[in-house]
Amino acid sequence: MIEPFTVPFLGRALAELALLALVCGPVSVFVFVRRLSFVSDALTHTVFPGVVIGFLAGGVEGIVAGALVAGVVTAVVLTLLTRGGALSDDASTAVVLTAMFSVGVVLVSRRSSYTADLTSFLFGRILTVTPRQLAETAVLAAVILGLLLLGARALIFRAFDPAGAAAAGYRIAGLDLWLNLVVALVVVAAVRAVGTILVVALLIVPAAAARMLTVRLTVMAALGTGLILLAGYGGLLASWTASVEHGISLTSASAVVLLLVLAYLLLLPLGALRRRRRRPAPARRGSPHELVG
Amino acid sequence: MGDAALRYAGVSLGYHGTPVLTDVELTLAGGQRLALVGPNGAGKSTLIKSVLGLVPVLGGTATVLGGAPAGARHRTGYVPQTGSLDADFPVTAAQVVMMGRYRRIGWWRPTRAVDRRAVREALDRVGLADRAGTHFGILSGGQRQRVLLARALAAEPELLLLDEPFNGVDAVSQEAVVRVLRELGAAGTALVLSTHDLTVARELADQVCLLNGRQWAIGPPAAALTGDILRRAYGGHAVDVGDGRTVLVEP
């Protein structure tokens, strides 16, 4: 069960996924409590043209820079679009998402190796991760965790009670930009390994699955990380076994994501059980008439 | 003599330059309790938000704890309506109360014993010491309201604002909240609470501010809540039922 990972490229793939698990567990908790799934999805798509431009300008090594610029720009634009509390403008987010994604597709379609390039940008190349890429991911992971730790209290307060957080003196737009930037950095960190499409699974599924087991935010984050680690290990092992021993081609990143989703599905009944055990809140008292002396 | 907790002189409030509440004229001393009364949409929440500096002052001068409203946020506590919060949010009662300490704790510092003690004491004061580890969402509406009050207490504010604290609250919780509010007043904390329950306003407040688009009356409950003034402020929704009593019928 461990032997395949002694092959260097598979070992590096697992290390890369472990780094991503470390950040995606906690970050997915914030995405979950802020209900930012759609914004995360938008970010993964808007980073795509940055990836393409970065690749055209500087080859594989240019991808992170391109993704970084596109990610930061999108984080700012989405924060401006969704100012004033909950996501108020789904339509404009969707417009930004599709417009940027189209730009990416147009750019990549000008290349002769169109299909191969598109596939690798969308679904990543986990098995070709280089030591240098690993180091870059490690640096990004450290930055992301630092930002998250520093902002954690304020971000949780804002997610739970935006009016209360504003009343306490927190700048809501600033906190929203903060979290959007963190999510953008995760997309940047993950884009080469798992691609722009599959990274959204790492941002949404872990916390959603962990929520079935606990109401503790820190436990949710730890469980989320554990789930990605398990799915990462299992997915890589499955794709290795399938292709080496059975001659079946199974994309590694897709196998990882499929296992993650499978874990979510397996945990669903537990979540339903927890909810049923919960005591229902008593009905609200509402009185249309008030008596005055 | 120290500064008044609140001093509003000819204040109008609104959004995007359009006033929604005008002619606000009030002074609140430390330890005093002010009830904001009026029908839905009267401007009660707008007035509370203006104290926090979250609604622009279009005219007049508003002073909170001796300075500009936004500058007093760290000395002001705010209790929102429980209904505005997500009951499914994965957070315990104690964690909610700890949020009241966040501004004191700052960004870097871990929580200290003094913070945890403040949280325990605040929960104890609202009678929920045994529910510290309970998921906020499975508490009753009244218990949630008490947790939010405890959160404000944990911040040790000089001025406390409560938005409809008795909406959807059971009798036990209402009693607990009223008791804490009286204690706070006695300890010198100034209170502003909005309510459409005139009985509560009469029993709890030193001053009542009657609002409906503008300020209709201010003063002790007996003077500000007469049938005559209520009928003028509420229009057809205030109905005399004899014996000098007036019934308000919400539209």
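The legends below walk through close-up views of a predicted model. Local features need pLDDT of at least 70 and side-chain atom pairs count only at pLDDT 80 or more, while totals for chains, interfaces and linings use all residues. Residues are numbered from 1 along each chain as its sequence is written, and chains are lettered from A and ligands numbered from 1 in the order in which they are written.

View 1. Strands (E, at least two residues) and helices (H or I, at least four residues) are DSSP runs numbered from the N terminus, and two strands pair if DSSP finds at least two bridges between them.

**View 2. Strand E3(B) and its two partners.** On one side, E3(B) runs parallel to E7(B), joined by five bridges; here B:Arg33 has B:Leu191 as its bridge partner. E3(B) also pairs with E8(B), again in the parallel sense, over four bridges, with B:Leu34 opposite B:Gln207. Both faces of E3(B) are covered: B:Arg33, B:Ala35 and B:Val37 are buried on one side, B:Leu34 and B:Leu36 on the other. Buried means 20 or more other C-beta atoms within 10 Å of a residue's own, with C-beta atoms placed from the backbone.

View 3. E8 (207-211) and E9 of chain B run antiparallel, joined by four bridges, and B:Leu210 finds its bridge partner in B:Ala217.

**View 4. The largest nonpolar core.** This core has 176 residues, and among those touching the most other members are A:Leu20, A:Leu260 and B:Val97. Such a core is a set of buried Ala, Val, Leu, Ile, Met, Phe, Trp, Tyr and Cys residues joined through C-beta atoms within 7 Å. Helix H8 (172-210) of chain A gives the largest share, 27 residues. Leaving aside neighbours within four places in sequence, A:Leu260 is in contact (C-beta atoms, placed from the backbone, within 7 Å) with A:Ala201, A:Val205, A:Leu227, A:Ile228 and A:Ala231.

How values were computed
Buried ≥ 20, exposed ≤ 12 C-beta atoms within 10 Å, placed from the backbone. Contact = placed C-beta atoms within 7 Å.
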